[in-house]
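I opened my notebook to look around a structure that was new to me. Here is what I looked up, entry by entry.

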Amino acid sequence: MMKYVNYERPSIDGKGLMMGKPGYTDDLAEQNSLIVKVLRSPHAFARIKSIDKSKAEALEGVELVLTHEDFKRIPVTRAGQGYPEPSPHDKFVLDNYVRHVGDEVAAVAARDKETAEKALELLVVDYEVLEPVLDFEKAYENEVIIHDEPEIHEMFPIGFEPKKNVAASYLMHIGDVEKSLKECDTVTETTFYTQAQAHVMMEPHTVNARIDYQGRLVLYSSTQTPFHTRRIVAQALEYPMSKIRVIKPRVGGGFGGKQCVHGEMLVSAVTLRTGKPSKMVYTRQEVFESTFSRHPMRFDIKLGAMKDGTLKAIDVEVLSDTGAYGEHALTVFMVAGSKVFPLYNKVDSVRFGGKVVYTNRTPAGAFRGYGAIQGNYALESAVDILCDKLKVDPVEFRQKNMIREGETSPIFEIMGEGTEGIAMTMETCKLDYCVKRGMELIDWKNKYPRKDMGNGKVRGVGMAIAMQGSGIPYIDMGSALIKLNDDGFFNLLVGATDIGQGSDTILAQIAAESLRVHPDEIVVYSSDSDLTPFDVGAYASSTTYVSGNAVKRAADRMKQMIIEEGALALKVPVEGTDFDGMTISHGDKSISLKDLSNRLYYNEDQKQLVAVDSYVGTKSPPPFMAGFAEVEVDTETGHVELIDYAAVVDCGTTISPNLAKGQVEGGLVQGIGMTLYEDVVYSKTGKMITNSMMTYRIPTRKEIRSLKVEFADSYETSGPYGAKSVGEIGIDSPPAAITNAIFNAVGVRIKSLPVTGEKILTGIQKSRQKGEKQ
Amino acid sequence: MTEIEFVLNGKNVTIDVDPTKRLLDVLREDFGLTGVKEGCGEGECGACSVLVNHEIVSSCLMPVGNAMGKDIVTIDGFSKTERYRVIHGAYEDEGAVQCGFCIPGMVIATESLLNKNPDPTEDEIKDALSGNLCRCTGYNMIVSAVLRAAERGKGLW
């Protein structure tokens, strides 16, 4: 019987944060920090002929002005990934080329914000403005080459061909797709487009630096990847890693947007050169224009099936837009296949390939879903198109063709993230239950496909199934250290990175479950490169599964140590000695944990008990979900309202049901936002138009009418206490489920996101004209 | 520089400051009140919400000169009240806090709503909190938290 897992408990940091206690990066900056501001490119593509910094340097209060001339040319990638990174090393701290509006030109460090901003105005930059590549469909082999620097390179083969504007490329196939398509009764061929999406975490990217009393560089950073940040800063500045400490305080959201290095390199350079503390808080405009957004993609997808509704072949060509730099280019691309197409594992053949191209737009990077949301939209829309053509019920089609417990897909072995994958069988896959329960929650039987409301409005329901992963096998490593203290409480030190999702809370619960002690007895400290053991960070839905397994192992080890020390104290054999969380006992002899601890630290057999362990996955058990949407379409205006969204998720055991639900609900709303509201829009010259919260619209409370989230009863034995990960799965299903619902309501197929009233109205008018002609 | 006098979290304060400086910066930098967060700097996200004479205001849009003679309450002061205790408990029990960055502003918005309307409907809550953005949650838990706070805090507002 589990005591502290699958157990409701408020998050351990919530109380202090709610009261506004200093916890986030900028709350912890040195009072007298130099303010670092960056001059950013007004051009989408330009060469910097010269920068005159004399006037800026002469301004009182300016400490330092940095340009590309102040840095050795060392190409790095800002992507916070395992090493060697599967992203091209194509970025310099500062360069003599700027490749998107908002790219870094120069940095100023001054005593206050006003002086720094004034100094930026005094910088005189002579640009040679170049013709930009703004259309990603014209980027490949364009005569304009975005990255022509001789130093840039890939760390291992990722299909990097910068002279052709290709950051990465990939091709895989299973079976003979051409042959199986020929043998199919029905083949559909459709092109889908997904747009760039902005993360809009509430806390902007923030970092500060200081030199400590030992002369070491200490960074506080709002990051998802503190250990990768230490490594990348060391590489970029050729500064010893041993002299850098990265501390991740509380983080105000990330969603992938902080799985990278942004201000860290410049702030470090300023503090190392001046010896003074410095800080950088991105403005909201900088967060939009000068960090990352989601990779826009084009999918050309063919599906082949037999009359009886058996899916036979999947053929997909993808073009992905990585913007000005190639962070996460290959891996996001691969996830658009590897965490999507195993959903239909009974096909004869699959082909998946294409390119990731550079353009002169804000770079794309990691974003919750990480390719899977894009691929899911294309596949699950195409499946409904196929069902419509075959006159097959879309739910029955999925039930017939989808992956089930005990089954596998050859894709798992072929496709990893940047490398080959790992074969695995679905030990847990409750998709069947998720679909059935979702149908009940949305009342599918009574509502499918549509209901005319009689006032020009039509309601429709639609659905999609989805999957994700639980970390990257044989790559993502997490570790944990548990220390017993006098008086019998514990410290849990983890590299795992709590960015608001609540990992500190659930990792304490896992340790508490193993040790049978109340979670309040476990003091968690996470993500400090000097004090906590290694962890890759918060990404790839890895924390619950990978870091959670590391915590469980360390806690199990600690329990064994307590039993051994208890047996020694009681003068009894270890065998037959037990620890129930309070007392170590053997027959009628017993000692409390408190007494044992005090004995260990003050009285007899003195020693410190510390247990440490780590975990790297040997597979990546996917969480699954079924998503059901009900929409109401106004046939006069094309306006869509999401009436209801029901999601049923199989993520194994929910360590904290409330936090898991929060992950799914938050993911759903971001997926709904991407489907219906959010779009990163550029002007004709490549300037981002949607660069503020006023112009880039994320859903508010008013847009979210009803969300129903439930979990399937599921236990993954390879996970900690049966858990799989749950960070990303929630975002994947809304684009396809909502657009399928729109089709079922009014017969209009949305092939490019986001949905707009205009697209629907145009579709309705087209089908009316068609009707009139017939 | 101008001398600005106002009441901050129940205490009379005076500060010699550029009157065009944003109230947000004065609160964070000059008074060390870290509960006031900057999310966007343009009045869209609500993370910097404070109460000015009991009305909710985005402190990033208010020059400190306008604070002259006013009564200003931030989360740092509000968190010492019984009303806060009730709101806090409700947020915690509903699991409404994820990254927490929007929450001080959200709590201020909740106080501002309940102060005017102690028994709000779900729609009234959605309306009242629509100026405070959250990117982590699906908002459901926050709406439930406000409903629960209203119920538990009967008589307090």
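**Ground rules.** I take axes as lines fitted to C-alpha atoms, for helices over the stretch in contact, with angles running from 0 to 180 degrees between N-to-C directions. Two residues are in contact if their C-beta atoms, placed from the backbone, lie within 7 Å. Helices (H or I, at least four residues) and strands (E, at least two) are DSSP runs, numbered from the N terminus. Two strands pair if DSSP finds at least two bridges between them.

This is a predicted model, where local features need pLDDT of at least 70 and side-chain atom pairs count only at pLDDT 80 or more, while totals for chains, interfaces and linings use all residues. Residues are numbered from 1 along each chain as its sequence is written, and chains are lettered from A and ligands numbered from 1 in the order in which they are written.

**Entry: the five-stranded sheet.** I started with an open sheet of chain A whose five strands come in the order β16-β17-β25-β26-β27, with mixed pairing. β16 (450-452) and β27 (707-711) of chain A are its edge strands, each pairing on one side only. From one strand to the next, the twist averages 15 degrees. Helix α12 (residues 431-442) of chain A packs on this sheet and touches β17 (457-467), β25 (624-634), β26 and β27 of chain A. The direction of α12 makes about 25 degrees with that of β25(A).

I then followed strand β26 (residues 640-650) of chain A, which pairs with β27(A) in the parallel sense over five bridges. Y645(A) has L707(A) in β27(A) as its bridge partner. I also found α17(A) lying across β26 and β27 of chain A, at about 140 degrees to β26(A).

**Entry: where the chains meet.** How many residues does the contact take from chain A and from chain B? I noted 42 residues from chain A and 38 residues from chain B. On the side of chain A that touches chain B, α1 (14-18) and α17 (657-676) of chain A are the elements that give two or more residues. The most comes from α17(A), with seven residues. I sorted this side by class (Ala, Val, Leu, Ile, Met, Phe, Trp, Tyr, Cys and Pro are nonpolar; Asp, Glu, Lys and Arg are charged; the others, Gly among them, are polar). The side of chain A that touches chain B has 19 nonpolar, 14 polar and nine charged residues.

**Entry: a three-stranded sheet.** Next I looked at an open, antiparallel sheet of three strands in chain A, in the order β21-β22-β23. Its edge strands are β21 (578-579) and β23 (589-592) of chain A. Two bridges join β21(A) to β22 (residues 583-586) of chain A, and D578(A) stands opposite S585(A) in β22(A). Helix α16 (residues 593-603) of chain A packs on the sheet, touching β22 and β23 of chain A, with its direction at about 75 degrees to that of β23(A).

**Entry: a strand in the open.** Is strand β6 of chain A buried or in the open? A residue is buried if 20 or more other C-beta atoms lie within 10 Å of its own, exposed if 12 or fewer, and partly exposed in between. Of the six residues of β6 (residues 124-129) of chain A, zero are buried, so this strand lies largely in the open. Strand β2 (residues 46-52) of chain A pairs with β6(A) in the antiparallel sense over six bridges. There I saw V124(A) in β6(A) as the bridge partner of D52(A).
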